[in-house]
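Please open the structure in your viewer and keep the selection tool at hand.

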Amino acid sequence: MALIDTDDLAVGFDRHVVVDCINLSVGPGELVVLMGTNGSGKSTILRTLAGLLEPVSGDCRVLGEWPGSRSASVAYLPQHPKSLGTLPLRASDVVRMGRFASLGLLGRPGPDDRTAVEEAMERMGVTQFRNKPMHALSGGQQQRVHLAQVLARRADVVLLDEPTAGLDAQGRRAVARMVEEERAAGHCVVMATHDLVDAEPADSVLLLAHRLIAQGPPAEALTDENLRACYGFTDRH
């Protein structure tokens with residue numbers, strides 16, 4: 001069964017279409033990469049899949065239901081995650097938020113929740129920051145803490161908006177390893193990125209520029225001709 005299934009989906013704001021004709025069928029263990037210019041619709045697609053925006057038209061099913069219906073099983077990392085910097089939140093507090101959707105308003109964390117948090121922090125290499133306030137961490141360290149929050153959710157569908165932005169080489173490798181491990185666990189990943197390297201292991205790439213330029217395996221979608229149509233110019237790759 002497809003974990004994400006769309007049929008002629010159109011996404012946008014206030015009935016204004018940003019991208020239409022989106023047809024996806026994403027199965028367990030698959031990676032879909034969204035590439036394109038700033039404002040091309042990548043984030044809008046992710047927010048729609050996360051249930052934060054209503055589809056403008058067409059059909060969209062996530063885990064067999066309307067987006068947002070199974071929020072505890074969907075993890076979403078926005079492009080600019082907020083960690084409530086005005087509050088004295090530690091890194092471990094932010095990662096622990098990944099369990100809130102499963103616990104509900106009145107739920108108390110149990111051993112499984114604590115294990116999920118510890119494993120997530122270890123996987124993203126942020127265990128040493130557990131007691132540090134978020135405002136004391138660098139931008140790259142904060143990004144890795146937010147990625148650990150995503151992992152702590154233990155979701156079947158993982159939606160990542162520019163997860164490697166601001167990360168050094170070690171952080172980028174950690175993200176690549178995270179995506180590989182999520183796929184191996186049978187989860188699907190949809191990731192927005194500007195980096196061709198991030199797209200290399202994808203099952204499918206959507207190349208966007210306020211419309212769908214190309215869709216398919218990286219070797220078919222990311223041709224020089226398609227990249228020029230998207231970005232206006234490109235070096236050979």
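Begin by selecting Asp113, Ala116, Val117, Ala120 and Met121, which are buried residues of helix H4; buried means under 20% relative accessible area, exposed over 50% and partly exposed in between, with a 1.4 Å probe and protein chains only. Viewed down the axis of H4, the buried residues fall within an arc of 125 degrees, so they line one face of the helix; the arc is that of the directions from the helix axis to the C-beta atoms. An α-helix has 3.6 residues a turn, so residues three or four places apart point the same way.

This is a predicted model, in which local features need pLDDT of at least 70 and side-chain atom pairs count only at pLDDT 80 or more, while totals for chains, interfaces and linings use all residues. Residues are numbered from 1 along each chain as its sequence is written, and side-chain values use heavy atoms, with hydrogens and water left out.

Next, select Pro111, Asp112 and Glu122: these exposed residues sit on the face of H4 turned away from its buried side. To see what covers the buried residues of H4, display helices H2 (91–96), H3 (100–103) and H5 (139–152), which are among the covering elements. Helices (H or I, at least four residues) and strands (E, at least two) are DSSP runs, numbered from the N terminus. After H4 comes Gly125, with a positive phi near 65 degrees.

Now turn to the sheet. Six strands form an open sheet in the order S5-S6-S7-S3-S8-S9, with mixed pairing; two strands pair if DSSP finds at least two bridges between them. Strands S5 (74–77) and S9 (212–216) stand at the edges with a single partner strand each, so one side of each is left without a neighbour in the sheet.

Select S3 (residues 31–36) and S8 (residues 204–208), which pair in the parallel sense over five bridges. Within this pair, Val32 stands opposite Ser204 of S8. Bring back H5, which packs on the sheet and touches S5 and S6 (157–161), its direction making about 170 degrees with that of S5. Contact means heavy atoms within 4.5 Å; axes are lines fitted to C-alpha atoms, for helices over the stretch in contact, and angles run from 0 to 180 degrees between N-to-C directions.

Finally, select helix H1 (residues 42–49), where six of the eight residues are buried. These are Lys42, Thr44, Ile45, Leu46, Thr48 and Leu49. Gly51 follows H1, with a positive phi near 85 degrees.
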